[in-house]
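Subject: Structure for your review

Dear colleague,

Please find below the structure that I am handing over to you. My notes on what was found in it follow directly after.

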Amino acid sequence: MSDVITIYTDGACSGNPGPGGWGALLMWNGHEKEMFGGEPETTNNRMEMMAVIEALGAIKKQTKVELYTDSKYVMQGITEWIEGWKARGWKTAAKKPVKNQDLWMAIDEAVNAHDVSFHWVKGHAGDPGNERADELARRGIP
């Protein structure tokens, strides 16, 4: 019996910007939960981020999470860039406002509620969890 939750997230956009969807697959102890949603006018990066926020928000108690994303933007943002952004008052190294600050703040809060390890997977390369998250994201496009 493992308390680790495995999550696959993905975002999709029909045009960028344009209508977009996010999808997440949560797996634990032989159980699965599929989630998806979308917005009529958004960007692919915002949908990638929403998938992470919604998936982590669905977890009711603090636990260990292995989260897989095919978004280098999300991966690098949360593992490399966010601490510098926070230290600079949500400014980039070039002193410009951080794009999607609202969602980065939400991801930061969601990540801090759990013990999350992020993993990057190559998109559209046959990873079953990533392929399912992609299908869910496309289903979420309004």
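W90 is found in the loop between α2 (72-87) and α3; helices (H or I, at least four residues) and strands (E, at least two) are DSSP runs, numbered from the N terminus. This is a predicted model, in which local features need pLDDT of at least 70 and side-chain atom pairs count only at pLDDT 80 or more, while totals for chains, interfaces and linings use all residues. Residues are numbered from 1 along each chain as its sequence is written, and side-chain values use heavy atoms, with hydrogens and water left out.

The phi of W90 is near 60°, a positive value in a residue other than glycine. W90 is buried, with a relative accessible area of 11%; buried means under 20% relative accessible area, exposed over 50%, and partly exposed in between (1.4 Å probe, protein chains only). N100 is also placed in the loop between α2 and α3. Although N100 is not a glycine, its phi is positive, at about 65°. N100 counts as buried because its relative accessibility is 16%. As background, most residues other than glycine have a negative phi, and most peptide bonds are trans.

**Strand β1 and its partners**

Strand β1 (residues 5-13) has 7 of its 9 residues buried, so it is largely enclosed by the rest of the structure. β1 and strand β2 (residues 18-28) pair in the antiparallel sense over 8 bridges, where two strands pair if DSSP finds at least two bridges between them. β1 also runs parallel to strand β4 (residues 64-69), to which 5 bridges join it.

P17 is found in the loop between β1 and β2, and a cis peptide bond with omega of about 10° joins N16 and P17.

I53 lies in helix α1 (residues 44-57) and counts as buried at 15% relative accessibility. I53 and T9 are 44 residues apart in sequence and 9.7 Å apart in space, C-alpha to C-alpha. Not counting residues up to four places away in sequence, I53 touches L103, A106 and I107; contact means heavy atoms within 4.5 Å.

D108 lies in helix α3 (residues 101-112). Is D108 buried or exposed? D108 counts as buried, because its relative accessibility is 12%. With residues up to four places away in sequence not counted, D108 touches I82 and K86. The side chains of D108 and K86 are joined by a polar contact of 2.9 Å (a pair of N or O atoms within 3.5 Å; within protein, one must be able to donate a hydrogen and the other to accept it, and residues adjacent in sequence count only if both atoms are side-chain atoms).

**The lining of a pocket**

The largest pocket is lined by 13 residues, of which I5, W28, I59, K60 and K61 lie nearest its centre. On a 1 Å grid over the protein atoms alone, a pocket is an open set of points where a 1.4 Å probe fits, with protein on both sides within 12 Å along at least five of seven lines; lining residues have an atom within 4 Å of a point.

Yours sincerely
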